[in-house]
Amino acid sequence: MRKFGVLVIGHGSRDADWVRLVDEAVAGVKLPPDMPIVASYLELVEGRLIQDGIWNLEAQGVTDIIAVPLFVSSGSTHIDEISYALGVKEQPLLETDLQPFARRANLLFASPIDDDPVIAEIVYDKLKDESRRPEREIVLLIGHGSVEKGFHLTWRRGLEQLAARLKARGGFAEADVAMLLPDQVRRKMTWWQTRRPDCDVLIAPLFLSEGYFTRKVIPSRLEGFTYRYNGRALLPSPGISTWIETQIERVMVSDGQGQTSKINL
């Protein structure tokens, strides 16, 4: 008999608050009592790395692990190396020091965040208090990005689709995207403040949790411009728990479990 378990994979941080927010989101996921869930990390969280999570679930009798990558974009190079190390793909596209993980359980791999409508709602909820006249506002969605060929395009597509959802949701005049890698922020800010001087610019950071990028890097790239920005990242939000639940359900349905897989029953 198959026993499913969930392995949520985050990047990891030395910041205890960053890890706590991820742990709280995972703890908020509603699952049947016989379906264990574990939060694991790519690096920086000793004793709770991906291999530790796999061993934890297998020790609980799990035969089928649903791995949910809690990363903002499929264009993240970390998704490439994690997919390889989990056996989802035979070879990574880029070189990596990550070695294949030991596992006995079957593995089912979910999708990263990308342009999911649940995430668009979270971003809007974090942003809406900064909005005064949406018809005269431009949202600039800023993500980490990538300079690697192929990965960059995937990042851009996901950000643009999410920006389109934000524009429709909030009724904004425009919604655009910028990456930190490569550095596109100054060019995009210059473009919009020249093209639409009648509009205010609202900055929406697409980062899992607040930290160095939201507090230091983004403000430094915006120096000299006029804008509104509260620095609020995706976490904390119950919507992340909902997103994880949705990913688990999608994987189980595609695995042939059908309606019996609905985890909110």
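Start at the interface of domain 1 and domain 2, where one residue pair is in polar contact, both at pLDDT 80 or more (a pair of N or O atoms within 3.5 Å; within protein, one must be able to donate a hydrogen and the other to accept it, and residues adjacent in sequence count only if both atoms are side-chain atoms). The number of salt bridges between the domains is zero (side-chain nitrogen of Lys or Arg within 4 Å of a carboxyl oxygen of Asp or Glu).

The model is predicted: local features need pLDDT of at least 70 and side-chain atom pairs 80 or more, while totals for chains, interfaces and linings use all residues. Residues are numbered from 1 along each chain as its sequence is written, and side-chain values use heavy atoms, without hydrogens and water.

Next, select 4–113 + 237–257 as domain 1 and 117–222 as domain 2; these bounds come from an automatic or database domain assignment. Between them the two domains bury about 1,400 Å², 79% of it on carbon and sulfur atoms (accessible area, 1.4 Å probe, lost on being put together, summed over both parts).

On domain 1, pick Trp18, Val72 and Gly75, which supply 31% of the area this domain buries against domain 2, more than any other three residues.

Finally, go to Ser237, in the loop between α7 (212–221) and α8 (helices are DSSP runs of H or I, at least four residues, numbered from the N terminus). Ser237 is buried, with a relative accessible area of 18% (buried means under 20%, 1.4 Å probe, protein chains only). A polar atom of its side chain lies 3.0 Å from the backbone nitrogen of Gly239.

Note on methods:
Helices (H or I, at least four residues) and strands (E, at least two) are DSSP runs, numbered from the N terminus. Buried means under 20% relative accessible area, exposed over 50%, partly exposed in between (1.4 Å probe, protein chains only).
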